[in-house]
Every structure is written in structure tokens, then in C-alpha cells.
Amino acid sequence: MTATFRYIHHACFTVTAQGETLICDPFLDGNPTGVTQQDLSVDYIFITHAHGDHLGCAYELAKQCDALIITTAEIAAQAEAKGCRAHAMHLGGTYQFPFGKVRVTPAFHGSGIAGGHACGFIVDFHGAKFYYAGDTALFSDMQLLQKLDSFRYALLPIGGNFTMDPKDAAKAAAFLKAPVVLPIHYNTWPVIAQDPVPFQREVEAAVPGTKVVLIQPGDTMEWD
């Protein structure tokens with residue numbers, strides 16, 4: 001099954017398949033292609049944590065589109081209090097949605113909300129299977145994720161300072177063994193400025209069968 005991936009910027013992207021669209025961490029501020037909330041029509045909103053550069057306009061977008069928010073329990077409760085539809089999950093949880101299975105994975109990072117925990121997601125979206133790490137440090141249990149729920153695409157932060165840097169993200173790619181890796185969450189601000197080309201070379205040299213695709217804001221890809 002073919003899906004269309006669209007990178008907006010930072011850690012925000014959409015995946016469209018079978019007439020439905022999901023968006024992850026809808027932070028739109030300063031995106032180079034000028035995408036606004038009003039430009040978007042989505043069915044599902046995934047939120048990894050409540051920092052402003054990930055939560056973004058999630059609640060406003062959810063109400064605009066009557067989209068279902070999929071996130072951790074603490075953020076889901078806040079979303080519902082603001083009049084949004086939400087499905088609460090938590091670390092290690094799995095659920096079968098109409099589009100496919102979701103697994104919530106650990107992410108070692110701040111939650112941005114009292115009592116919460118940052119997370120990532122493994123998503124089977126109408127047959128397009130991807131792992132979105134969220135904001136995270138490198139952790140050794142990444143080696144287990146492909147065995148728990150297989151995925152073809154891995155989206156990894158490489159910016160450093162707040163998350164993995166390229167060296168740590170290259171180790172993560174070796175743990176994950178995804179056929180396609182997309183580096184994200186870098187060059188948004190000077191503090192997370194990185195050159196992704198050395199990361200690409202290191203991963204492709206060290207991890208047989210893995211291709212690193214360097215995406216720019218506004219880029220689209222066809223996913224299988």
C-alpha cells in the first residue's frame with residue numbers, strides 16, 4: 001500500500017494513505033514553506049510530548065478538523081479539557097485503530113506536562129509502517145523495537161543539545177536496522193545546527209541495507 005509522506009519542518013510531518021491523513025507534532029511556527037493551520041486537513045494528530053515545538057497548534061487543529069489526538073494520558077486529558085477528541089495511551093501500550101496498529105515507545109526527554117513522559121510511536125498507517133522517535137536520547141532498548149513491531153521508515157532527531165546528535169543517532173540507526181532513515185529535528189535554530197551529510201555517510205557505511213534520505217521542508221516521498 002502506498003502512502004505519501006510530507007515533511008513540514010523541525011519534527012512535523014504528515015502521512016496520507018487511503019484518503020486519510022495523520023500529522024505528527026504540528027509545530028508550524030517559522031516553517032520555510034509557509035504552511036499554516038488553515039492549510040491542513042487531518043484525521044489524526046500524534047503528539048510525542050507537550051513542549052511548544054511539538055505540541056504546536058495541535059488543539060486548535062484538532063478542533064478545526066475534528067481530528068482524533070493520539071498521545072500520552074496526561075496530554076490526552078488536557079486535550080479533552082480543551083474540547084478535543086483524544087485517545088490516551090502510554091509507554092509500551094498498543095492499540096488497533098481503524099487505520100492500523102500503534103505502539104507507544106519510550107523517549108528519554110522531558111514531558112512538558114506534569115506527571116507525564118515523552119514518547120515515540122511505531123505506527124502502521126494503512127500498511128505504511130514507521131517509527132517516529134520523538135525527542136530522545138540514545139537508549140539501548142532501541143534494539144528491541146524492530147522485533148516488537150517491524151517498520152520500514154525511522155525518523156530520528158539529530159540536532160543535539162536537546163536530543164541525540166548525529167553520532168548518537170547513527171548508533172540508533174544501527175540498533176533499529178530500518179531500511180530507510182530520515183533525520184529530522186535539526187537546523188531549526190542555531191543551537192541544533194548540524195550537517196546531515198556525515199550522518200548519512202556514517203549510517204550507510206556502517207548499517208548494511210539502510211538508506212538515509214535527507215529531506216527538506218516541503219519535500220514529499222512515496223512510502224510503501
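Which exposed residues sit on the face of α6 turned away from its buried side? They are Arg201, Ala205 and Ala206, where exposed means over 50% relative accessible area, buried under 20%, and partly exposed in between (1.4 Å probe, protein chains only). The model is a predicted one, so local features need pLDDT of at least 70 and side-chain atom pairs count only at pLDDT 80 or more, while totals for chains, interfaces and linings use all residues. Residues are numbered from 1 along each chain as its sequence is written, and side-chain values use heavy atoms, with hydrogens and water left out.

Back to the helix. Helix α6 spans residues 196-206; helices (H or I, at least four residues) and strands (E, at least two) are DSSP runs, numbered from the N terminus. Its buried residues are Pro196, Phe199, Gln200 and Val203. These four are on the same side of α6 because they cover an arc of only 100° around the axis, the arc being that of the directions from the helix axis to the C-beta atoms. An α-helix has 3.6 residues a turn, so residues three or four places apart point the same way. The buried residues of α6 pack against α5 (166-176), β12 (180-184) and β13 (211-212), with contact taken as heavy atoms within 4.5 Å. At the N-terminal end, the cap on α6 comes from Asp195, with a side-chain oxygen 3.0 Å from the backbone nitrogen of Val197.

Next come the charged pairs. A search of the whole structure turns up 5 salt bridges, each a side-chain nitrogen of Lys or Arg within 4 Å of a carboxyl oxygen of Asp or Glu. One of them joins Asp66 and Arg85, with the closest N and O atoms 3.1 Å apart. That pair links distant parts of the chain, 19 residues apart: Asp66 is in the loop between α2 (58-65) and β5 (68-72), and Arg85 is in strand β6 (residues 85-89). Asp66 is exposed at 52% relative accessible area, whereas Arg85, at 41%, is partly exposed.

Asp149 has a salt bridge with Lys101, the closest N and O atoms being 2.8 Å apart. Because Asp149 lies in the loop between α4 (142-148) and β11 (153-157) and Lys101 in strand β8 (residues 100-106), the pair ties together parts that are 48 residues apart in sequence. Arg103 also forms a salt bridge with Asp149, here with the closest N and O atoms 2.5 Å apart.

What about the rings? The whole structure holds 16 aromatic pairs; rings of Phe, Tyr and Trp (its six-membered ring) pair if their centres lie within 6.5 Å, and planes under 30 degrees apart count as stacked, over 60 as edge-to-face and the rest as tilted. Phe27 and Trp189 make a tilted pair, because their ring centres are 6.1 Å apart and their planes are at 50°. Phe27 sits in the loop between β3 (20-24) and β4 (44-46), and Trp189 in the loop between β12 and α6, 162 residues apart. Phe27 is buried at 9% relative accessibility, but Trp189 is partly exposed at 35%. Tyr95 and Phe97 pair edge-to-face, 4.7 Å centre to centre with 65° between the planes. Both belong to one aromatic cluster formed by Tyr44, Phe46, Tyr95, Phe97, Phe99, Phe121 and Phe125.

Key: A polar contact is a pair of N or O atoms within 3.5 Å; within protein, one must be able to donate a hydrogen and the other to accept it, and residues adjacent in sequence count only if both atoms are side-chain atoms.
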